[in-house]
Amino acid sequence: GGMLDIYIDGQPVRTLSTWWPLEKERHLYISSGLEKGIHQVTFTVSKQKSIFNESGKAEIFLSTIITEGTN
């Protein structure tokens, strides 16, 4: 698993490690408390590596992005 840099509306929010020792889907929390409206989220592979990454590969797989909907 690689490290993932996350930006919301062009501003850095956090870096997440996608390293996980099991072949199981998991959910990663990114942010809350955004103002209502449309926002742009950007994901980039970080140059950092997880301390648990032994392969040197930075493979990241995203399957779903969950957001709060409004009626």
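Colleague: Does S46 count as buried or exposed?
Modeller: This is a predicted model, in which local features need pLDDT of at least 70 and side-chain atom pairs count only at pLDDT 80 or more, while totals for chains, interfaces and linings use all residues. Residues are numbered from 1 along each chain as its sequence is written, and side-chain values use heavy atoms, with hydrogens and water left out. S46 is found in the segment after β3, where strands (E, at least two residues) and helices (H or I, at least four) are DSSP runs numbered from the N terminus. Buried means under 20% relative accessible area, exposed over 50% and partly exposed in between (1.4 Å probe, protein chains only); at 8% relative accessibility, S46 therefore counts as buried.

Colleague: With which residues is S46 in contact, leaving aside its neighbours within four places in sequence?
Modeller: Contact means heavy atoms within 4.5 Å. Once neighbours within four places in sequence are set aside, the contacts of S46 are M3, L4, D5 and T15.

Colleague: Why is strand β1 largely enclosed by the rest of the structure?
Modeller: Strand β1 covers residues 3-8. It is largely enclosed because the number of its six residues that are buried is five.

Colleague: How many bridges does β1 form with strand β3?
Modeller: Two strands pair if DSSP finds at least two bridges between them. β1 is joined to strand β2 (residues 11-17) by six bridges, and these two run antiparallel, with M3 opposite S17 in β2. β1 also pairs with strand β3 (residues 41-45) in the antiparallel sense, and there L4 stands opposite V45. The number of bridges between β1 and β3 is five.

Colleague: How far apart in space are G2 and S17, C-alpha to C-alpha?
Modeller: G2 lies in the segment before β1 and counts as buried because its relative accessibility is 2%. Leaving aside neighbours within four places in sequence, G2 is in contact with L16, S17, T18, W19, A58, E59 and I60. G2 and S17 are 15 residues apart in sequence, and their C-alpha separation is 6.2 Å.

Colleague: What is the distance in space between W20 and G2, C-alpha to C-alpha?
Modeller: W20 is placed in the loop between β2 and β3. Its relative accessible area is 38%, so W20 is partly exposed. W20 and G2 are 18 residues apart in sequence, and the distance in space is 9.9 Å.

Colleague: Which residues does I30 touch, not counting those up to four places away in sequence?
Modeller: I30 lies in the loop between β2 and β3 and, with 23% relative accessibility, therefore counts as partly exposed. I30 and Y7 are 23 residues apart in sequence and 9.7 Å apart in space, C-alpha to C-alpha. Beyond four places in sequence, the residues that I30 touches are I6, I8, V13, R14, L16 and F43.

Colleague: What share of the contacts with a separation of 6 or more in the protein comes from residues 24 or more positions apart?
Modeller: The protein has zero helices and three strands, in the order β-β-β from the N terminus. Of its 71 residues, 15% count as buried. Among contacts with a separation of 6 or more, the share from residues 24 or more positions apart is 54%.
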